[in-house]
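Here is a friendly walk through one model, with the cut-offs spelled out along the way. Please take a look at it first.

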There are 2 protein chains.
Amino acid sequence: MRRPTIRDVARRAGVSVTTVSHTFTGNGTVAPSTQQRVRAAAHDLGYRPDVIAQGLRRNRLGVIALVARQLDALRPELLFDVDYFARFAGAATVASLAEGLGLMLVSDPTGPRAAGAALASDGFIVTEPVTDDPLVAMLARAGVPFVTVGEVPGHPPGEGSAPHVDIESGRLALLALDHLWSTGARRIALVTGTDRNEWNLRTTAVYRRWAQHRRITPSTVHVAESLDDEGGRRAAISLLDAGGPPPDGVYVLTSNHALGVIATLAERGLRVPDDVRVVAGSDAESLRSADPAVSSIDLQPDELARRAVLALAARLDGRPPPDHAGTPVGRLVVRASSAATPPGRRP
Amino acid sequence: MRRPTIRDVARRAGVSVTTVSHTFTGNGTVAPSTQQRVRAAAHDLGYRPDVIAQGLRRNRLGVIALVARQLDALRPELLFDVDYFARFAGAATVASLAEGLGLMLVSDPTGPRAAGAALASDGFIVTEPVTDDPLVAMLARAGVPFVTVGEVPGHPPGEGSAPHVDIESGRLALLALDHLWSTGARRIALVTGTDRNEWNLRTTAVYRRWAQHRRITPSTVHVAESLDDEGGRRAAISLLDAGGPPPDGVYVLTSNHALGVIATLAERGLRVPDDVRVVAGSDAESLRSADPAVSSIDLQPDELARRAVLALAARLDGRPPPDHAGTPVGRLVVRASSAATPPGRRP
DNA sequence: ATGAAAGCGCTAACAT
DNA sequence: ATGTTAGCGCTTTCAT
């Protein structure tokens, strides 16, 4: 029992396939009475337009892809353990659905082992593109619509660059640093990941300028992104063993690393927040329920995802992208790890 | 500049489209030398087979859909906050990719506002189907291949029922209950959600039988699934205000509710685990980092997802489903909340 | 307002 | 081993 086609409907309604097509797509003009008959026939038959056939004709499938690049780098089965990505994917799903688009999760579609269907997507969302991103290059070359979340470092916006959703890393870095400063910290260090994405690079740059402006000596450690707190532990050790007084404030971009930093500080007898204030650059459940709870920059991945989907959908329709200037995204969440300590309370 | 088609490649290689098709699909037989020419031509042109056109012909797109039903019920943007689903989706993505399939996240495709493309999927994975699930009915009626994770309650396996991945709710219930018993608990209560899925229903049934067997009085509370701990709080109150001695052991199926139960017990002056042992029926980061850490049944959603994808992929290829009998999935993770308390230590 | 017909890019009989 | 050809189900000129 074959699935009914447009032809079956046409026959049953006593009209041509054109008329059926028109009544469903809204193209052309079809007399109301005829529409009735067509719809009735379609209903009786349980007819549903074949999305693939439509896609072939229209050259548009109604699916966008979210590239889960962490998939390749980190332990893939833990993909959604990265709080940020999990929230992003969830929100992207919802936003896509609202736009009438399906959302496909794909890993790097540049590779040969990419699921064929990955390439059938109408457009791509690429989170955290890196310098000279091969995926971005490939999409650009192939003329496939895409938006990135965060700039492609090295491709400043303005000149024919990829459209992107602003993650406001500069503003957020200042937010975190000024907050640490306001708690009394004066030896403020920065711990970043090593991926060459906007988040790491821009934060580092802003931190250096800020340190100069505040007249403090910058102290940064870069450790590879990972799903455990190992990198954070290594970073803390390198910070503490650098010679000179230990930092009294640390801005750690990766949430897992923030936990590692705190653990190591504790092992070295430094109390958080009394001796060292810590702020993480990305929020996660584990930070909320840690002891002490860890302050962090909430990037608001749900809002970023929404904006990315909307921007891409607009692009697909040839509409101008929505403008979010004036409604900042990302905020500082102050928790126990960066509570100001009155000098009196310090031993 | 149009995207090159199979025809362009054929022309450039000086062969017919058939030959090009064959060299790429592996069908028919093509002389190695010819294959070389074809591939070279394809490479020069930057040719990639059009997945949609292939899909139209083969009647198969290479995409499967994961139905995120929670999407409709709960706050959608928090979809992936449900630890279980986040892990499931992540693992499903990876497994699909490995099978050469794309994974689409869709909400209920029965609704009219379903993204068209949702229906283009070759098959569906439905997690936690409920009694008389309309989605299951729809898929079955439409003849769309699907697998459920957990049985469709009321449709016992064996007779032409939907193929499903066994979540072993019966075995896991016994695991949790026997564990509570072994810690010395004798007044063991059950808190479940209200969705009519296998997890809630089967656990309840097993609990009743188990209570009878152990000669204890069953005590169950059902509270609607939610993303906060409110339901758990209500459940605990109802348990404590029921009259009679308070329970000394609770099996709470929803992880958020477990936290609510524990919070309320504490407020009522009952200590966990000293006075009441608690085990959650689903694991989550929040349970791991809670104080005390909460014992739980780890459903191993990653493994369930893998099995679901493999089963569906097999079905799509007309292969028999892989057999997992003998390799149980799901395990008990004992943490502080259900540590046995030696009678001596009790006040 | 309705319909005939030409494809979209590809696969799969069926020749040769 | 290679080529011809008829569609897959639909949209879209272009007639009528």
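## Around the DNA

Helix 2 of chain A supplies the largest share of the surface near DNA strand D, six residues. Helices (H or I, at least four residues) and strands (E, at least two) are DSSP runs, numbered from the N terminus. This is a predicted model, in which local features need pLDDT of at least 70 and side-chain atom pairs count only at pLDDT 80 or more, while totals for chains, interfaces and linings use all residues. Residues are numbered from 1 along each chain as its sequence is written, and chains are lettered from A and ligands numbered from 1 in the order in which they are written.

DNA strand D is surrounded by 28 residues, the closest being A:I6, A:D50, B:V15, B:T29 and B:A31; a residue is near if its C-beta atom, placed from the backbone, lies within 6 Å. Two or more residues each come from helix 2 (17-25) and helix 4 (51-58) of chain A and from helix 2 (17-25) and helix 4 (51-58) of chain B. By type, there are eleven nonpolar, 13 polar and four charged residues (Ala, Val, Leu, Ile, Met, Phe, Trp, Tyr, Cys and Pro count as nonpolar, Asp, Glu, Lys and Arg as charged, and the others, Gly among them, as polar).

For DNA strand C, 27 residues do the surrounding, and A:S16, A:T29, A:A31, B:I6 and B:D50 are the closest. The surface near DNA strand C divides into eleven nonpolar, twelve polar and four charged residues.

## A sheet in chain A

Six strands of chain A make an open sheet with mixed pairing, in the order 7-6-8-9-10-11; two strands pair if DSSP finds at least two bridges between them. At the edges, strand 7 (220-222) and strand 11 (331-333) of chain A each pair on one side only. Strand 10 (residues 295-298) of chain A runs antiparallel to strand 11 of chain A and is joined to it by three bridges, with A:I297 opposite A:L332.

## Two helices in chain B

Helix 6 (residues 83-98) and helix 13 (residues 301-316) of chain B pack at about 40 degrees, their axes 8 Å apart. Axes are lines fitted to C-alpha atoms, for helices over the stretch in contact, and angles run from 0 to 180 degrees between N-to-C directions. Helix 6 of chain B and helix 13 of chain B are therefore oblique to each other (under 35 degrees counts as roughly parallel, over 145 as roughly antiparallel, 65 to 115 as roughly perpendicular and the rest as oblique).
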